[in-house]
Amino acid sequence: MDTLQNTPTLVLLDCQKIHFHEAGEHAVDHADTVRHIERVLTTARYCGWSVVHSQLRPQPGLSPGSRSTGSIPIDGLRPRASEAVFTRSQLSAFSDPMFEQTLTRGNQGPVFMVGFSLAFSVLATIYEASARHLHLTLVEEAIGCAPLGHQSPAAVRSFLFSLINQLAGTVGWSEVQQAWVKPGSFVSTSKWGIHHEHLRQQDN
């Protein structure tokens, strides 16, 4: 039986509206990523995982309107009152020392990360985690990626995922479900049956 000590932790990184402002023609891709993140988040909450949010403060160079709107969490991904929220000025989530303490405090379970800014915040956080000998695993479908220069999001994603796999790991959501979301793990079988049907309908 899984215990509190090996319950997974879910990190939501930069799930803020600023990414839609910057996405331009790729906003549709971001909307699809949001749907995947929301599915992961809903499941994590239902199963009793620890949920942690790390949000990047908008840069001073932005207009006041962009700063205030861009920093708002994306609809459907807003933190609950019981969930830890860290607001930072640097790319890496580890720039707030309390973030690391929250991840490691009595927890030996896996840490899954979802969110935005693969080439910046996500990559910086993965590097920092590796330097601290902490293992983070990205849920592939739930990571948003913008174009970089002339490179398309798909090209950037392919290159960076190959790099990240040398430092941490990436995994598909179906694999996470099979390993960590199963009857008897966190909820009763009867409740799981109802919830599993709900998730299956979402996937279709």
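My entries follow, one topic at a time.

**Ground rules.** I am reading a predicted model, where local features need pLDDT of at least 70, side-chain atom pairs count only at pLDDT 80 or more, and totals for chains, interfaces and linings use all residues. Residues are numbered from 1 along each chain as its sequence is written, and side-chain values use heavy atoms, with hydrogens and water left out.

**Helix α5.** I looked up its length: α5 has 14 residues and reaches 18 Å from its first C-alpha to its last, close to the 20 Å expected at 1.5 Å a residue. (The expected span is 1.5 Å times one less than the number of residues; helices are DSSP runs of H or I, at least four residues, and strands are runs of E, at least two, numbered from the N terminus.) After α5 comes His133, with a positive phi near 60 degrees.

**Its buried side.** I listed the buried residues of α5, among them Leu118, Val122 and Ile126. (Buried means under 20% relative accessible area, with a 1.4 Å probe and protein chains only.) They pack against β1, β2, β3, β4, β5 and α6.

**Its partner.** I checked α5 (residues 118–131) against α6 (residues 153–167): the angle is about 10 degrees, and the axes are 10 Å apart. (Axes are lines fitted to C-alpha atoms, for helices over the stretch in contact; angles run from 0 to 180 degrees between N-to-C directions.) That makes α5 roughly parallel to α6, a label for angles under 35 degrees. Leu123 and Tyr127 of α5 and Leu160 and Phe161 of α6 are among the residues in contact, meaning heavy atoms within 4.5 Å.

Definitions and conventions:
Angles under 35 degrees count as roughly parallel, over 145 as roughly antiparallel, 65 to 115 as roughly perpendicular and the rest as oblique. Buried means under 20% relative accessible area, exposed over 50%, partly exposed in between (1.4 Å probe, protein chains only).
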